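Please open the structure in your viewer and keep the selection tool at hand.

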Amino acid sequence: MAFHHNSRLPLFVRFSYCHPNTKPFTALQHLALQREEGMGEQDFSMDHDTCASLLQACANSRTLAEGKQLHSRMLVTGMKQTFILGTKLVNLYAIWGSFREAEIAFQRIPKLNVYACNALIRGYVKHGYCGEALELYDQMQQEGVAPDNFTFPFVLKACTELSALQQGIEVHDCIARSGFESNVVVGNGLLDMYGKCGRIEDARHVFEKMPEKDVVSWTSLITGYIQSGQIDEAWKLFYGMQKEGVEPNSVTVATVISACAVQGAMQQGKEVHGYLLKRGFECDIFVGSALVDMYAKCGCVEDARYVFGKMPERNVISWNGMIAGYTQNGYANEAVEIFRQMRLTGIKPNSIAISSVLPSCSRLSSLQKGKEIHDYIAMACMGMVKKPSISIIKCNFQG
């Protein structure tokens with residue numbers, strides 16, 4: 001009696017599924033081991049459910065090579081691409097942005113279905129192909145495939161990225177007809193779309209109608225009001241969400257701190273900072289960077305430096321905030337020194353850092369330091385659209 005080892009595979013798959021850092025190649029290696037042990041083809045087979053589980057494990061663990069290996073074996077053994085396997089393949093390739101393979105797998109699915117469409121739309125939006133995402137959404141509509149609560153958030157994201165307000169309004173109409181307006185994730189997508197497309201009153205209307213609101217809902221509306229210049233309304237919402245028992249997250253806090261920076265609202269900024277200290281948000285890299293920028297723009301360079309020094313991790317935005325803050329407040333030596341430290345830590349200065357530090361070189365009347373920065377740009381091959389020339393540096397000094 002032949003012993004089929006497929007019964008052991010789901011254990012490997014479940015293990016990799018539960019542990020994201022564990023690659024599913026253990027299951028594939030297990031299959032290879034059975035072949036090395038001399039099993040015949042009649043004993044060495046992968047059934048449909050095993051393939052589906054392995055493809056899902058590869059997608060969850062972001063292991064494209066193993067997924068391709070599995071796909072090749074399916075083709076070699078003549079395994080039929082069913083609706084389930086096709087959808088799993090589309091999802092795997094779309095996650096990695098391998099759209100040629102994803103589209104081939106999509107076209108081979110026996111019947112268009114919402115799960116495969118969602119996988120491809122999600123991949124398109126994630127990798128910046130928002131126009132293709134909307135085309136596929138239109139195709140779904142034409143072929144009678146009903147979108148669901150997983151389709152709409154990504155379609156709305158595509159509309160937002162393309163500033164396609166009219167299409168976003170049409171999607172909203174479809175959402176209302178489909179009965180998904182009460183879904184919090186779909187509602188958040190509508191809030192984001194209307195807010196970023198400048199329709200803050202429509203965003204507020206969606207917000208008021210939502211039966212359930214989470215921190216993303218509040219943050220989206222706060223962001224919309226800030227972008228439309230209605231800072232007072234944003235502050236009301238920031239305090240209002242706390243009264244409603246919704247705790248702001250780092251995105252919410254970074255957003256309101258940025259508004260303080262733009263307004264020069266030092267007192268409100270300090271209130272938010274006090275709120276952060278009580279809740280341990282200050283160490284968050286994005287919130288910390290926003291605080292550095294806010295204090296620097298409000299002229300409190302020492303406070304900016306204090307926050308900067310407390311950050312356990314810094315990104316290019318953090319460094320840019322300090323460089324710009326020193327330059328804007330007349331600390332030329334400090335600006336040049338922090339730029340040097342930025343380079344020593346291995347963080348590559350971008351065009352904002354360069355344009356911020358050059359005026360400080362001018363104030364120091366140090367053409368040599370300006371030339372050093374220019375040489376750095378040339379050697380680093382930073383890929384800027386427009387790199388400052390020696391003549392521009394000289395103009396800074398002469399100005």
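Begin by selecting Asp192, which is buried, its relative accessible area being 18%. Buried means under 20% relative accessible area, exposed means over 50%, and partly exposed lies in between, with a 1.4 Å probe and protein chains only. The model is predicted: local features need pLDDT of at least 70 and side-chain atom pairs count only at pLDDT 80 or more, while totals for chains, interfaces and linings use all residues. Residues are numbered from 1 along each chain as its sequence is written, and side-chain values use heavy atoms, with hydrogens and water left out.

**Stop 1: a pair within a helix**

Asp192 forms a salt bridge with Lys196, and their closest N and O atoms are 3.2 Å apart. A salt bridge is a side-chain nitrogen of Lys or Arg within 4 Å of a carboxyl oxygen of Asp or Glu. Both residues lie in helix 11 (residues 184-196), four residues apart, about one turn of the helix. Helices are DSSP runs (H or I, at least four residues), numbered from the N terminus. Lys196 counts as partly exposed, at 41% relative accessibility.

**Stop 2: further salt bridges**

How many salt bridges does the structure hold? There are nine salt bridges. Select Asp202 and Arg199, whose salt bridge has its closest N and O atoms 2.7 Å apart. Asp202 is partly exposed at 25% relative accessibility, and Arg199 is partly exposed at 33%.

Next, select Arg340 and Glu337, where the closest N and O atoms of the salt bridge are 2.6 Å apart. These two residues lie in helix 20 (residues 332-344), three residues apart. Then select Arg204, Glu208, Glu233 and Lys236, which a network of salt bridges links.

**Stop 3: the largest pocket**

Which residues line the largest pocket? Select Gln56, Ile84, Thr87, Lys88, Asn91, Tyr115, Asn118, Ala119, Arg122, Asp148 and Phe150. A pocket, on a 1 Å grid over the protein atoms alone, is an open set of points where a 1.4 Å probe fits, with protein on both sides within 12 Å along at least five of seven lines; lining residues have an atom within 4 Å of a point. The space in the largest pocket is about 240 Å³. Helix 5 (83-96) and helix 7 (114-126) each supply at least two residues of the lining.

**Stop 4: Tyr115**

Finally, select Tyr115, which is found in helix 7. Tyr115 is exposed, with a relative accessible area of 52%.

Definitions and conventions
Points joined across faces, edges and corners; volume = space filled by probe spheres on them.
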